[in-house]
Amino acid sequence: MTKIKTDIAQKVDFEARKNDSFNVTINVKDSAGASYNFTGFEGFMDIRGENNTFILGFTSLDQTALTAGSYDSTYKAESIVFETGKITLSQTAANMGFATGIYSYDLQIKDTDNVQTWLYGRFKLNDDITT
């Protein structure tokens, strides 16, 4: 039997520390090995807890677009940055002050015609001593 797979998502687990800045850059190449062109793309990443409870949201949208849309107030504007061949995810230390534990996340990327989940997995937040 032939199988066609349209799910491109890769499982990647993150581990971070409470009250520390979070900065991760992911390098992306296209099928020809060239740096991926993210022109015109939007990104959203949700961290969710038990019962799918929304914890924190990352987005590439600016504050004006967030305010105009119907997005949860815990989405942080411009916390996903697209550059040619790179996706950078970032949050301030203050935004990383949620309860320690193990959560789930996924990263969806949208262009004009497509929405695809690129990454998913576990997001573990470790306790911090210094505040």
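Me: Where does Asn95 lie?
Reply: In this predicted model, Asn95 sits in the loop that links β8 (86–91) to β9 (101–110).

Me: Is Asn95 buried, partly exposed or exposed?
Reply: The reading rests on relative accessible area: under 20% is buried, over 50% is exposed, and the range in between is partly exposed. Asn95 has a value of 23%, so Asn95 is partly exposed.

Me: Which residues does Asn95 touch, not counting those up to four places away in sequence?
Reply: Leaving those out, Asn95 touches Leu56 and Lys76.

Me: How many residues separate Asn95 and Gln108 along the chain, and what is the separation of their C-alpha atoms?
Reply: The two are 13 residues apart in the chain, and their C-alpha atoms are separated by 20 Å.

Me: Why is Ser79 classed as buried?
Reply: The cut-off for buried is under 20% relative accessible area. Ser79 has 3%, and is therefore buried.

Me: With which residues is Ser79 in contact, leaving aside neighbours within four places in sequence?
Reply: There are two stretches to look at. One holds Gly57, Phe58 and Thr59; the other holds Thr88, Leu89, Ser90 and Gln91.

Me: How many helices and strands does the protein have, and in what order do they run?
Reply: There are 10 strands and 1 helix. From the N terminus the order is β-β-β-β-β-α-β-β-β-β-β.

Me: Why is the protein described as being as compact as a globular protein of its length?
Reply: The radius of gyration is compared with what the globule rule gives for the chain length. Here the radius is 16 Å, close to the rule's 14 Å for 131 residues, so the protein is as compact as a globular protein of that length. The C-alpha trace spans about 50 × 40 × 30 Å along its principal axes.

Me: What is the mean pLDDT, and which elements have the lowest and highest means?
Reply: Where pLDDT is low, predicted coordinates should not be read in detail. The protein's mean is 92, with 97% of residues at 70 or more.

Methods. Residues are numbered from 1 along each chain as its sequence is written. This is a predicted model: local features need pLDDT of at least 70, side-chain atom pairs count only at pLDDT 80 or more; totals for chains, interfaces and linings use all residues. Side-chain values use heavy atoms; hydrogens and water are left out. Helices (H or I, at least four residues) and strands (E, at least two) are DSSP runs, numbered from the N terminus. The radius of gyration is taken over C-alpha atoms; the globule rule is 2.2 Å times the number of residues to the power 0.38. Buried means under 20% relative accessible area, exposed over 50%, partly exposed in between (1.4 Å probe, protein chains only). Contact means heavy atoms within 4.5 Å. pLDDT is the predictor's confidence in each residue, from 0 to 100.
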